[in-house]
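Reader: I have a chain on my screen and would like to talk it through with you. Could you take me around it, one question at a time?

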Amino acid sequence: MKKLFVFIVKYIPVIQMAGILLNNLIFGLGAYNFAKVLDFIIGNSIATSILLYICSYIFKFCTWHKLVITANLINVFLAALDYFVILCPTNFKQLMLYFTTDVIFLSIILIRKFKCKR
């Protein structure tokens, strides 16, 4: 049971990142009701991120795991900030902001993961 829990906790941030990007894409295309349902299923919150950070340290996951959690947390903060203060006037610009954040973090993860050792 513990191995299953560790496996699930390890890959939940990656699933959330993909879900958040998919949800933002669907929202950007105008399917608001479907995006709201998807947000409840695969959404992220600050409490979830804190719990995932704690699990990441307890189970000694590698750095890429923490970076994915951080990227998800930044997207949550950007969404909250955009809700209260409109950062992007169009859905497309907001979508590009989310994708840019994730591309930066995924690039850092890939560079760190496949860094050539000399």
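Reader: How many helices and how many strands are in the chain?
Author: Happy to start there. This is a predicted model, in which local features need pLDDT of at least 70 and side-chain atom pairs count only at pLDDT 80 or more, while totals for chains, interfaces and linings use all residues. Residues are numbered from 1 along each chain as its sequence is written, and side-chain values use heavy atoms, with hydrogens and water left out. Helices (H or I, at least four residues) and strands (E, at least two) are DSSP runs, numbered from the N terminus. From that end the elements run α-α-α-α-α, and the count is five helices and zero strands.

Reader: What share of the residues of the chain counts as buried?
Author: Buried means under 20% relative accessible area, exposed over 50%, and partly exposed in between (1.4 Å probe, protein chains only). The C-alpha trace spans about 45 × 40 × 20 Å along its principal axes. Of the 118 residues in the chain, the buried share is 33%.

Reader: Which way do α1 and α5 run relative to each other, roughly parallel or roughly antiparallel?
Author: Look at residues 2–28 for α1 and 91–113 for α5: their axes come within 9 Å and cross at roughly 160°. Axes here are lines fitted to C-alpha atoms, for helices over the stretch in contact, and angles run from 0 to 180 degrees between N-to-C directions. Angles under 35 degrees count as roughly parallel, over 145 as roughly antiparallel, 65 to 115 as roughly perpendicular and the rest as oblique. The pair α1 and α5 is therefore roughly antiparallel.

Reader: Which residues of α5 make the contact with α1?
Author: Contact means heavy atoms within 4.5 Å. On the α1 side, the contact is made by Met 17, Leu 21, Asn 24, Leu 25, Phe 27 and Gly 28. On the α5 side, the residues are Asn 91, Leu 95, Tyr 98, Phe 99, Asp 102 and Leu 106.

Reader: How are α3 and α4 arranged, roughly parallel or roughly antiparallel?
Author: Helix α3 covers residues 46–58 and helix α4 residues 63–84, and their axes come within 10 Å and cross at roughly 170°. That angle makes α3 and α4 roughly antiparallel.

Reader: Which residues of α4 does α3 meet?
Author: From α3, the partners are Ile 46, Ser 49, Leu 52, Tyr 53, Ser 56 and Tyr 57. In α4 they meet His 65, Lys 66, Ile 69, Thr 70, Leu 73, Val 76 and Phe 77.

Reader: Which residues does Asn 23 touch, not counting those up to four places away in sequence?
Author: Asn 23 lies in helix α1. With 9% relative accessibility, Asn 23 counts as buried. Leaving out residues up to four places away in sequence, Asn 23 touches Ala 35, Leu 38 and Asp 39.
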